[in-house]
Amino acid sequence: GGDGRVGVVSERPLWNANSGTLVMKFERNRVKESSTKNFVVVESPPGAAARTAAGQGPRLPVLQFGKVTQDVYVLDFKRPFAPLNAFAVALSAFAFRV
């Protein structure tokens, strides 16, 4: 329908057997260091959330947050996120300790 709602889902990292680690694909190579706080949010067409989260659907990143250096993180976002919404989502990464 045309109700203006857009679904989003956090993309899950994939296992890389060569390095023995979980890895994520970040747009424009902006994230340089691994961190438990790194994440990518992708747009999910209606009914495709599980498929997109598992890396099987079309990849439409709308927000990425990740570590650049020891004390520096980068936040990139686009529609449907407004600046305040994107900042709030990124800030939530610091609310949990893993």
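Select Asp76 to begin: with a relative accessible area of 15%, Asp76 is buried, where buried means under 20% relative accessible area, exposed means over 50%, and partly exposed lies in between (1.4 Å probe, protein chains only). Arg30 itself counts as partly exposed, at 36% relative accessibility.

Before you go on, note that this is a predicted model, in which local features need pLDDT of at least 70 and side-chain atom pairs count only at pLDDT 80 or more, whereas totals for chains, interfaces and linings use all residues. Residues are numbered from 1 along each chain as its sequence is written, and side-chain values use heavy atoms, with hydrogens and water left out.

How many salt bridges does the rule give? The count comes to 3. For another of them, select Arg79 and Glu43, whose side chains meet at 3.6 Å, N to O; this pair also links distant parts of the chain, with Arg79 in the loop between E6 and H2 and Glu43 in strand E4, 36 residues apart. Arg79 counts as exposed, at 56% relative accessibility. Then select Lys25 and Glu27, which meet in a salt bridge at 3.7 Å, N to O; Lys25 counts as exposed at 52% relative accessibility, and Glu27 as partly exposed at 24%.

Next, colour the strands and helices, which are DSSP runs numbered from the N terminus (helices are H or I, at least four residues; strands are E, at least two). Strands pair if DSSP finds at least two bridges between them, and 4 strands form an open, antiparallel sheet in the order E1-E4-E5-E6. Strand E1 (7–10) and strand E6 (72–77) stand at the edges, each with a single partner strand, so one side of each has no neighbour in the sheet.

Within this sheet, select residues 39–44 and 61–69 together: these are strands E4 and E5, which run antiparallel and are joined by 4 bridges. Here Val40 stands opposite Gln64 in E5, and Val42 stands opposite Pro61 in E5. Is E5 largely enclosed or open? Because 7 of its 9 residues are buried, E5 is largely enclosed by the rest of the structure.

Follow E5 into E6, to which a hairpin joins it through 2 residues. These two strands run antiparallel with 6 bridges between them, and a place to look is Phe65, which stands opposite Leu75 in E6.

Phe94 counts as partly exposed, at 44% relative accessibility. Select Phe87 and Leu91 as well, for these residues and Phe94 form a nonpolar patch on the surface with about 320 Å² of accessible area together. Such patches are made of residues with over 30% relative accessible area and no salt bridge, like charges being joined within 9 Å and nonpolar side chains (Val, Leu, Ile, Met, Phe, Trp, Tyr) within 5 Å, and accessible areas come from the Shrake-Rupley method with a 1.4 Å probe, only the protein chains shown counting as cover for residues.

Methods
Salt bridge = Lys/Arg side-chain N within 4 Å of Asp/Glu carboxyl O.
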